Amino acid sequence: MKSIYQFTKFRSSTYNQSLQYLEQTQFDPDNKTAILMLNLGGPNSFQEISPFLIRFFQDTSVIRIPFGLGPYIARLRGPAKINKQYEKIGGFSPLFKWTMVQGFLMSKPQGSGFLPAFRYGLPLQEDAIEYAFEKTEGRIQKFLLFSQYPQYSCSTGGNAIRNAIELLQKYKTIQPKLEVSVIDSWHKNKFYISAMATLLINKIKGQNLDPKETIILFTAHSLPADFVWDGEKYPYYIYESCQLVIDQLKNMGIQIHFDLSYQSKVGLNKWLRPATHHALNQYIKNNKFKNILISPMGFTSDHLETLYELDIQLMEDLKKDIESNKKNVIRCDSLNDHPQFIAALSDLVIQGLGNKKGSSKRERCIDCKFEQCDIVNKHEL
């Protein structure tokens with residue numbers, strides 16, 4: 001048996017802060033497999049907002065801010081803007097809470113357990129990995145890197161997977177036979193599509209919406225346009241998911257119009273368009289549709305982008321236009337703990353652990369700027 005003390009040399013300065021969250025998973029010391037639920041993360045308290053933003057803005061693979069100004073902007077942005085936004089949704093991000101709920105509810109093979117592993121919020125990836133080694137005293141044999149982003153992007157799911165593999169590589173000196181499997185994209189998973197369609201049809205029927213007078217406005221997290229110019233396929237994956245949901249609705253007896261928009265732009269560079277704010281405003285002024293049903297696409301759990309950007313900011317900004325044009329604007333529920341979404345997670349875990357190499361490998365973007373992407377494509381340490 002390897003001693004626990006062999007692994008403490010890899011502890012990060014945030015390990016003790018992450019520990020309080022990781023211990024809530026009830027990770028079994030006898031587990032041989034750790035399922036890392038990879039996501040961006042979010043602040044779990046006001047005290048975590050500034051460190052969260054600094055980590056996020058200094059990652060140039062996501063926000064390409066020149067001259068090392070990312071952390072400086074984060075320090076200004078937190079107190080001036082973001083703190084107030086989180087205050088309006090309760091003072092923290094519910095992303096950790098929903099990840100825990102999903103992790104407990106999804107099916108996991110015997111000998112495996114889940115761990116939230118976030119890129120910028122606590123618990124951080126490096127802390128979740130260290131925890132798995134320490135908890136099992138080095139007996140952990142395999143990691144399943146499970147991206148919680150259904151639509152693959154090198155800036156989100158790819159970023160998280162790339163970072164996790166780089167972190168795991170240093171443990172190979174201690175555990176040479178360590179295995180890794182990857183779930184990096186699942187935008188066509190039948191249970192995921194079914195869950196999205198069911199939420200929409202429940203809202204349509206629950207609100208007595210006439211499909212002929214209604215348009216579904218899908219809203220996805222935007223992306224810097226230069227990523228797409230480099231060959232990023234993310235917007236195509238998003239659109240494909242939207243079309244599959246609409247097809248599912250048609251099979252359920254609902255024929256309805258839809259459109260796609262993007263939200264959460266940061267900085268002055270060009271991002272994917274149309275912006276959700278602009279698209280919604282255009283449909284409010286358009287006489288064709290009485291009802292506009294906003295559906296978060298790619299956001300699997302409620303967090304700042306849904307609870308504040310959509311439910312509060314968007315509605316406050318366009319309130320007068322909505323009322324003057326007599327429109328009915330409704331936001332569809334997020335997936336959160338919907339049974340069919342939990343079935344999707346369970347299905348993906350079973351597939352991911354059953355296939356030694358995880359999901360199919362992908363080619364790097366034509367003009368990829370990140371040499372590390374080869375790590376993600378190989379799916380190995």
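Rings of Phe, Tyr and Trp (its six-membered ring) count as a pair if their centres lie within 6.5 Å; planes under 30 degrees apart are stacked, over 60 edge-to-face, and the rest tilted. Keep that handy, as this structure holds 13 aromatic pairs.

Before you click: this is a predicted model, where local features need pLDDT of at least 70 and side-chain atom pairs count only at pLDDT 80 or more, while totals for chains, interfaces and linings use all residues. Residues are numbered from 1 along each chain as its sequence is written, and side-chain values use heavy atoms, leaving out hydrogens and water.

**Stop one: a ring pair.** Select Tyr21 and Phe96. Their ring centres are 5.1 Å apart and the planes sit at 65°, so this pair is edge-to-face. Tyr21 belongs to helix H1 (residues 15-22) and Phe96 to helix H4 (residues 95-105), 75 residues apart; helices here are DSSP runs of H or I, at least four residues, and strands are runs of E, at least two. Buried or exposed, what is Tyr21? Tyr21 is buried (under 20% relative accessible area, with a 1.4 Å probe and protein chains only), at 9%. Phe96 is buried too, with a relative accessible area of 9%.

**Stop two: a cluster.** Now pick Phe10, Phe133, Phe143 and Tyr171, which ring pairs link into a cluster.

**Stop three: the sheet.** Show the strands: four of them form an open, parallel sheet in the order S2-S1-S3-S4. Strands pair if DSSP finds at least two bridges between them. S2 (112-118) and S4 (179-183) are the edge strands, each with a single partner, so one side of each has no neighbour in the sheet. Next, select S1 (residues 33-39) and S3 (residues 142-147), which pair over six bridges. Leu38 has Ser147 in S3 as its bridge partner.

Conventions:
Buried means under 20% relative accessible area, exposed over 50%, partly exposed in between (1.4 Å probe, protein chains only).
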